[in-house]
Amino acid sequence: MPETLGHQLRFAIDANPFNGTGSYRFEANSCTVGKRRAILDTGGIRGTRSHPVERTRFGLNEIGGQIVLNPSPLDFKNWLPYMLGAADADPTYALAETLTPFDLLIDKIGAGDTPAAGIYLYAGCAVDEWVLRGSPGQFLELTLNVVAKTETGGQSWTGWAGAIPALGTAAADAPYVFTDQSEFKLGATPTDRAAYNFDFELRGQNFIQPRWTNSVNATDLRVTDRMITLTAGFEWSLTSPDNTDLYNQALAGSAGATLKFVNGNFSFLATFGTLQAEDQPIEVVGKGEVPLGLVMTARKSGSTAELVVTNDST
């Protein structure tokens with residue numbers, strides 16, 4: 001029997017709830033989405049150290065995992081509504097109090113287009129946490145922690161959510177790289193620091209709590225909270241640039257801070273209500289450059305949401 005190789009596998013999401021395209025196929029670097037099911041053992045006192053199989057039962061199905069990809073403008077268009085919650089109002093993507101569920105189809109066996117046991121449908125999915133990272137010389141990386149209600153095998157690739165398109169080859173399918181960063185405004189009076197940024201990590205947490213009610217599968221995915229954080233490294237300098245204002249910031253933080261990436265006609269702009277920076281020590285760890293590390297939390301300010309994304313994919 002031929003082995004299954006990772007390059008053969010395929011991924012798609014049902015994008016219809018937001019943009020009416022039926023489904024969206026995407027490229028992933030890795031994927032751990034699947035079912036985890038424990039076996040319950042009574043563990044009681046039975047006159048022996050042996051554990052009989054007759055005293056075991058299956059426990060709950062915990063379904064989910066991590067998807068890692070290098071995001072393009074079209075990837076952002078299709079994933080942002082599920083990450084942030086609000087409907088696709090292209091090019092604006094906003095936060096919402098609820099998350100809209102979606103379905104995920106994964107061909108884990110490279111079986112072609114016919115129904116196969118290795119093609120799995122994950123229904124009722126939600127993004128519990130997402131992380132967007134960037135560092136010099138690299139593609140941006142988007143990690144999505146997905147939870148789902150059910151896993152069903154034996155699916156058909158061609159018969160799901162309309163015709164699943166081929167992987168895109170348009171200009172809007174090209175992933176962003178770190179050097180696409182065109183703007184990183186921070187400070188009491190936001191000043192562009194893009195030229196002095198070493199790396200960043202933008203993280204969104206939705207704090208989903210699966211709920212089981214007389215079912216081995218989760219019957220509800222409760223969204224209990226939200227936190228948006230941003231960490232970044234910069235040059236620590238008094239002149240050209242003077243970044244000392246980023247240390248020991250006022251409680252009000254950086255109102256209207258922005259992080260932007262541009263590739264030709266396409267752009268990704270994150271605008272924050274306010275970014276509050278927790279003081280971190282200026283650490284000297286060697287004879288080289290002394291960095292300034294920032295750990296920031298995005299918070300709502302008045303009627304201005306903690307995060308709004310403007311994603312131009314056209």
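Modeller: Aspartate 90 is partly exposed, at a relative accessible area of 35%. Here buried means under 20% relative accessible area, exposed means over 50%, and partly exposed lies in between (1.4 Å probe, protein chains only). Lysine 77 is buried, with 16% relative accessibility. The two side chains meet in a salt bridge, 3.4 Å from N to O. A salt bridge is a side-chain nitrogen of Lys or Arg within 4 Å of a carboxyl oxygen of Asp or Glu. Aspartate 90 sits in the loop between α2 (73-84) and β6 (92-94) and lysine 77 in helix α2, so the bridge ties together parts 13 residues apart in sequence. Helices (H or I, at least four residues) and strands (E, at least two) are DSSP runs, numbered from the N terminus.

This is a predicted model: local features need pLDDT of at least 70, side-chain atom pairs count only at pLDDT 80 or more, and totals for chains, interfaces and linings use all residues. Residues are numbered from 1 along each chain as its sequence is written, and side-chain values use heavy atoms, leaving out hydrogens and water.

Next, glutamate 97. Its salt bridge partner is arginine 226, with the closest N and O atoms 3.5 Å apart. Glutamate 97 lies in the loop between β6 and β7 (102-107), and arginine 226 in the loop between β15 (220-223) and β16 (227-235), so this pair links parts 129 residues apart in sequence. Glutamate 97 is exposed, at 66% relative accessibility.

Arginine 222 and aspartate 220 also form a salt bridge, 3.6 Å from N to O. Both are partly exposed: arginine 222 at 41%, aspartate 220 at 27%. Elsewhere, shared partners join Glu129, Arg133, Glu141, Glu201 and Arg203 into one salt-bridge network. The whole structure holds 11 salt bridges.
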